[in-house]
Amino acid sequence: MATHQQNLPLRTTGTGSALDKDDAIPDVDPTDTSGLLQERLQAYKHACGYLENYIVATEKVQKAHAKEYEKILKTVSDPLKEGHHFDQSLGGIAGLFENIRSNTQGIANSHLETEKTIKGSVLPILERLHAEIKNKSKELAKGAVKGSKEVDKARNTTQKHIELLGQHTAAASSSGGKVDPSTDPYVLQRGVKYRLHKQVLEENNNRHDLIEVQNSFSSFEAHIIQTFQQTLQTFLQSVGGQHERQKAMYSDMVSTAQKIPLDFEFKGFVHRNNQLLIDPSAPKRELSNISYPNQGHPSTQALIAGTLERKSRAMGALKGYSTDYYVVTPSKFLHEFKDDDDVRKDPVPELSLYLPDCTIGALSGEKFNIKGKDASKGKVGGALAMSHELSFKAPTAANAEKWYYVIQEAAGGSATYTNEMSSPTSPVAGRNVSGQQQPPQYVEKHVAPVQTQGLPQGQGVGSAGPVSAGSHGQQAYNSPVSSGGVQSVGSGSVPTSGVERKPGQY
C-alpha cells in the first residue's frame with residue numbers, strides 16, 4: 001500500500017515550482033493545476049456514470065434471466081476512463097469496480113418484482129450525484145480556470161513591458177543618445193513594477209481560489225464515495241427478495257464499497273500528484289523579492305530624487321507653490337510626478353524637461369529657476385509646447401545646492417550662485433521700479449565672471465554713462481556682487497523684459 005499524507009506536500013525541487021521562485025514571469029502554466037482538478041471531476045463523473053449505467057441495466061434486466069446479465073456485465077467491462085486518477089490497488093474505486101465485475105458474472109437470474117423499486121429508489125441518488133459533479137465542474141471552470149486565464153493575460157502584459165525596458169536600456173547604454181520621456185528606462189522600469197504588481201495580485205488571487213478548491217475536494221470526494229455506498233446499500237434492499245446467492249454477491253459489492261476509507265483515494269491522489277498540487281503553507285509572492293532583467297541598470301537609477309516646491313511664472317504664479325516628487329535621470333530629464341508610489345497607478349510624468357535644452361537660472365538660497373519646454377507630451381506635443389519659466393524651492397539651501405549641482409551637470413553647464421535672484425534690466429529708463437517683483441535672470445551655460453575692476457567710479461556694469469538719481473535703484477540692483485566670489489552677469493547677456501510701456505500703463 002502506498003504511504004499516505006494528511007496535508008498537501010511541498011513541491012519538489014526536481015521540477016521546481018515557478019511560484020516559489022522570484023522570477024517576474026514564472027515558467028509554470030497556472031492552468032496546469034486547474035486542469036488537473038477539472039480532469040479529476042471528469043473521472044468521478046464518469047465513475048458515477050458507470051455506476052448509473054450499471055443500475056439502469058440491472059433495472060432493465062430484471063425482466064430477463066441470466067442471459068440478460070451478460071449485458072449488465074458489459075456496462076462495467078471496460079476500464080474506467082481517467083483510470084490513472086484512482087488507486088489501482090485493492091480497497092479503492094478501481095477495486096470496487098473490479099469486484100462488481102466479478103460478482104455480476106455470477107448472477108444468473110433477477111426478479112421482475114424489483115424493477116420498479118430500483119427505478120424509483122436507487123437511480124435518483126446517482127442522478128443527483130451526477131448533477132452535483134457537473135455543477136462542481138462548472139464552478140471550477142467559472143472560478144479557478146477563469147482566474148488562470150487572467151494570470152496568463154497579466155503575465156503576457158508584464159513580459160511585453162520588460163522586453164520594452166530591455167530594448168531602451170540597451171539603447172541608452174550603447175549610444176547614450178537622447179530618448180523620449182515615455183521610453184526613459186527609469187519610467188519604463190516603474191511601468192514594469194506597476195504591471196508586475198497587477199500580475200502578482202492576479203497570481204495570488206488565483207492561487208487562493210485553487211487552494212480553496214483543493215481543500216473542498218477532500219470533503220466532496222468523501223461525499224461521492226458516501227453516495228456510492230448509499231446507492232449500493234439501497235440497491236441491496238431493492239433486490240432483497242432475490243435468490244440468496246444473488247444477495248450474497250450484491251452484499252459483497254456493498255461490503256467492498258463500504259471498506260473504502262473516505263480519504264483513501266484523495267490521499268493516493270495527493271501522493272501521486274504532489275508536484276502539481278499547490279502547498280497551502282507556501283508563502284505568497286512579494287514584489288520586493290522579484291527580480292527581472294535590467295532591474296539595476298544604471299540608466300534606471302535616479303541621479304537625484306525627492307520633493308520640491310514649484311511655482312510657474314505664468315498664470316500658475318497666483319496659485320503659489322505646489323509640492324511634487326521630482327527626479328533627474330541619467331537621460332538628462334527632470335521628471336515631475338505626483339508622488340513616488342509605483343503601485344497605486346501607472347507612474348507617468350506630469351512634466352518632463354530635457355535639461356540640455358533648458359536655461360538654468362542662478363541659485364539663490366533654497367530657490368532656483370528653469371526655463372524650458374514640457375517634453376512629456378511626445379514629439380508632436382513637445383514641438384507645439386511653449387517655453388515656461390518655472391521656479392523651484394527646496395526644503396533647505398543645502399538641499400537646493402545639491403539639486404542645482406546635479407541639474408547643471410545634466411544640462412552640461414557650470415553652477416552659478418548669487419545672493420539674490422537677479423533681475424533683467426527694464427527697457428524703461430529713468431524709472432525707479434523698486435517695490436515691484438522682478439522675474440529672475442537666467443544664466444547661460446558656461447558663464448564667465450564679469451570684470452568689475454577698472455570701471456569709472458559711479459558707473460555700473462553695462463552702463464553707458466553716469467547714472468541718474470531716478471535710476472539709481474535699478475542700477476544698484478543690477479550691479480555685480482563682489483562678496484564671496486559670486487559671479488554676476490553683465491547687461492550684455494541679460495534679456496529684456498519685453499515691456500513696451502511704462503510701469504502702471506499696461
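Me: Why does R272 count as partly exposed rather than buried or exposed?
Reply: The cut-offs, for a 1.4 Å probe and protein chains only, are under 20% relative accessible area for buried and over 50% for exposed, with partly exposed in between. R272 has a relative accessibility of 34% and therefore counts as partly exposed. This is a predicted model, in which local features need a pLDDT of at least 70 and side-chain atom pairs count only at pLDDT 80 or more, whereas totals for chains, interfaces and linings use all residues. Residues are numbered from 1 along each chain as its sequence is written, and side-chain values use heavy atoms, with hydrogens and water left out.

Me: How do you know which residues R272 is in contact with, beyond its neighbours in sequence?
Reply: Contact means heavy atoms within 4.5 Å, and by that test, leaving aside neighbours within four places in sequence, R272 is in contact with H84, H85, F86 and D87. The C-alpha atoms of R272 and D87 are separated by 9.4 Å, although the two residues stand 185 apart along the chain. R272 itself belongs to helix α7, where a helix is a DSSP run of H or I of at least four residues, a strand is a run of E of at least two, and both are numbered from the N terminus.

Me: What makes the pair of R101 and E98 a polar contact?
Reply: A polar contact is a pair of N or O atoms within 3.5 Å; within protein, one must be able to donate a hydrogen and the other to accept it, and residues adjacent in sequence count only if both atoms are side-chain atoms. The side chains of R101 and E98 make such a contact at 3.1 Å. R101 sits in helix α3 and is buried, because its relative accessible area is 15%.

Me: What makes a set of residues a nonpolar core, and which members touch the most others in the largest one?
Reply: Such a core is a set of buried Ala, Val, Leu, Ile, Met, Phe, Trp, Tyr and Cys residues joined through side-chain atoms within 4.5 Å. The largest holds 51 residues, of which F228 and Y250 touch the most other members, and its largest share, 12 residues, comes from α1. Leaving aside neighbours within four places in sequence, F228 is in contact with A47, C48, L51, I93, L126 and L129. Another core, of 23 residues, lies apart from it and includes V328, L390, A394 and V406.
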